Amino acid sequence: MWRSTITNSLNKLNQALSNSLIAHPHKSPRNFIRGFSLNYSDMSDNKGSKPKSGGGKKKEVKKETGLGLTHKKDDNFGEWYSEVCVSGEMIEYYDISGCYILRPWAMSIWETMQSFFDPEIKKLNIKNCYFPLFVSPGVLEKEKDHIEGFAPEVAWVTKSGKSDLEVPIAIRPTSETVMYPYYSKWIRGHRDLPLRLNQWCNVVRWEFSNPTPFIRSREFLWQEGHTAFATKEEADTEVLEILELYRRIYEEYLAIPVIKGKKSENEKFAGGLYTTSVEAFIPNTGRGVQGATSHCLGQNFAKMFDITFENEKGEKGMVWQNSWAYSTRTIGVMVMVHGDDKGLVLPPKVASVQIVVIPVPFKDADTKGIYDACLNTVETLKEAGYRAEADLRDNYSPGWKYSDWELKGVPLRIEIGPRDLANKQVRTVRRDNGAKVDVPMSQLVDKLKETLDDIQQNLFNVAKEKRDACIKVVKTWEEFVEALGQKKMILAPWCDEEEVERDVKARTKGEMGAAKSLCSPFDQPELPEGTLCFASGKPAKKWTYWGRSY
């Protein structure tokens, strides 16, 4: 009996594999093998066995899906992160080191953030444009401090076909020097101001150290805004308006807590007057992440590129300029903060599929009725504005599908089986905490809104709780070193001197990387009179966050 059952099962497997490979010749056979479900109850010899009392359902046997991650987040964060980005279908590695293919699962998140940010900046009368990718050496090198900051990362085009170019051409690492010669041309009088432009584009920075998907890559997508004003007050106002939009992207969409603050003189944008940022933190690695930046460039670039205007009195003046940007780094921060040992965990606001509906037919069940119920549910949810999808693949078991969608981080799963069909209900399963709830079909649309809102808020709350648990207030160098060794985000009183910060970097340099200032928060705790700098012993001027960073 056993032998014939195994033979029949193997024949079924071979047939299923053959059919799948014919239908999907580009897929690996291993993917189809792990999706094949073997019914272990068929392998038992039922002769002489006693029937189960009550005629109830057979106990399901848990089976391996082959989808699990091989690395744990707490054990090997770097390997876990790379694996979850690939297995979760966010990226694929490219044949040029440091470059990655952004798959639809990631691009849809980028598009969702863009669909929020773009209308918001248009409310501020900022218009979109596009400038070329290439930069001439003369223009790039015009602002000395600026090019020194980017020089090691600039990629150059030196050939056309087999011929050397007479003058090499740079590929933009950022677009200040690309755009500002034309600001000089377009701005003549006060009526030409403010000039507020933004472009959605790619940039290239030839990173040579530790390329990491989304976080450090040689090419990435971003938006970059470049604006010019008649007064510093206007520029200062915009810096904070844009920074608030960046906070909203992280906290309201990606469910990641961030700290708004000002960068130190050592860490500010090269050639700028001052830099503000939103700073995130990764508890598993004890590293900060500069989430997005909003810079006031002052008048430095205006001097270099002769961007002047005539005011109402006929007097000539220099414009005040800003630049600001956020990039696909945001997606990497989201993966790092929310992901777990099962895979991605996506906030509902940015997930391309918020709800996946999976049929759970048992033997002799009304399979057509269950499948129809799944399709009708998806249609109802889509009409109500949800991003929903049914998984009706018949070559995978329900358990395999559960693991597949958990790996991809879909916020909510709906299961529909015979009992659900009979009771006119569905079962919902949350990705963030695994909670299971049976919901009547008549209440589904309203209940799901509450559930998705709760998932979004819970992800933020959990992330904030973990981040806050990593913040350590210190007042002495000894406390600072101890907290740094514990992978903390350190808040310390500082004298705000560049040389002292450079000394902190030098004294903490090691295998894990040196510590540096992350930002001085706008929301400053009280600084009692007589408080001394943790590093120099001089009178402290402010509280500043410190730590290692990406």
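Strand S10 (274-282), helix H10 (329-338) and helix H14 (444-469) each contribute at least two residues to the lining of the largest cavity; here helices (H or I, at least four residues) and strands (E, at least two) are DSSP runs, numbered from the N terminus. The model is a predicted one, in which local features need pLDDT of at least 70 and side-chain atom pairs count only at pLDDT 80 or more, while totals for chains, interfaces and linings use all residues. Residues are numbered from 1 along each chain as its sequence is written, and side-chain values use heavy atoms, with hydrogens and water left out.

A cavity is taken as a set of points, on a 1 Å grid over the protein atoms alone, where a 1.4 Å probe fits but cannot get out, and lining residues have an atom within 4 Å of a point. Grid points are joined across faces, edges and corners, and a volume is the space filled by probe spheres set on the points. By this rule, one cavity of 30 Å³ or more is found, and the volume of the largest cavity is about 80 Å³. Its lining includes Lys73, Ile256, Pro257, Phe281, Asn284, Met336, Val337 and Arg467. Helix H14 gives the largest share of this lining, three residues. By residue class, the lining holds eight nonpolar, one polar and three charged residues, where Ala, Val, Leu, Ile, Met, Phe, Trp, Tyr, Cys and Pro count as nonpolar, Asp, Glu, Lys and Arg as charged, and the others, Gly among them, as polar. The largest cavity lies between domain 1 (79-131 + 188-338) and domain 2 (355-467), because both give residues to its lining; the domain bounds come from an automatic or database domain assignment.

Turning to the protein as a whole, 16 helices and 23 strands are present. Of the 550 residues, 49% are buried, with buried meaning under 20% relative accessible area, exposed over 50%, and partly exposed in between (1.4 Å probe, protein chains only). Among contacts (heavy atoms within 4.5 Å) with a separation of 6 or more, 68% join residues 24 or more positions apart. The protein exposes about 27,400 Å², and carbon and sulfur atoms supply 50% of that area, as given by the Shrake-Rupley method with a 1.4 Å probe.

Thr212 sits in the loop between strand S7 (195-204) and strand S8 (219-229), and counts as buried because its relative accessibility is 17%. Leaving out residues up to four places away in sequence, Thr212 touches Tyr81, Tyr100 and Ser217.

Positive phi values are found at two non-glycine residues discussed here. Asn125 has a phi of about 65° and lies in the loop between helix H4 (104-123) and strand S3 (127-128). Asp306, with phi near 55°, is placed in the loop between helix H9 (300-305) and strand S12 (308-310), and its 44% relative accessibility is why Asp306 counts as partly exposed.

Finally, Ala535 falls in the loop between strand S22 (516-521) and strand S23 (542-549) and, at 16% relative accessibility, counts as buried. Apart from neighbours within four places in sequence, Ala535 is in contact with Trp477, Val500, Val504 and Arg507. Ala535 and Pro493 are 42 residues apart in sequence, with a C-alpha to C-alpha distance of 8.7 Å.

Terms used. On a 1 Å grid over the protein atoms alone, a cavity is a set of points where a 1.4 Å probe fits but cannot get out, and a pocket is an open set with protein on both sides within 12 Å along at least five of seven lines; lining residues have an atom within 4 Å of a point.
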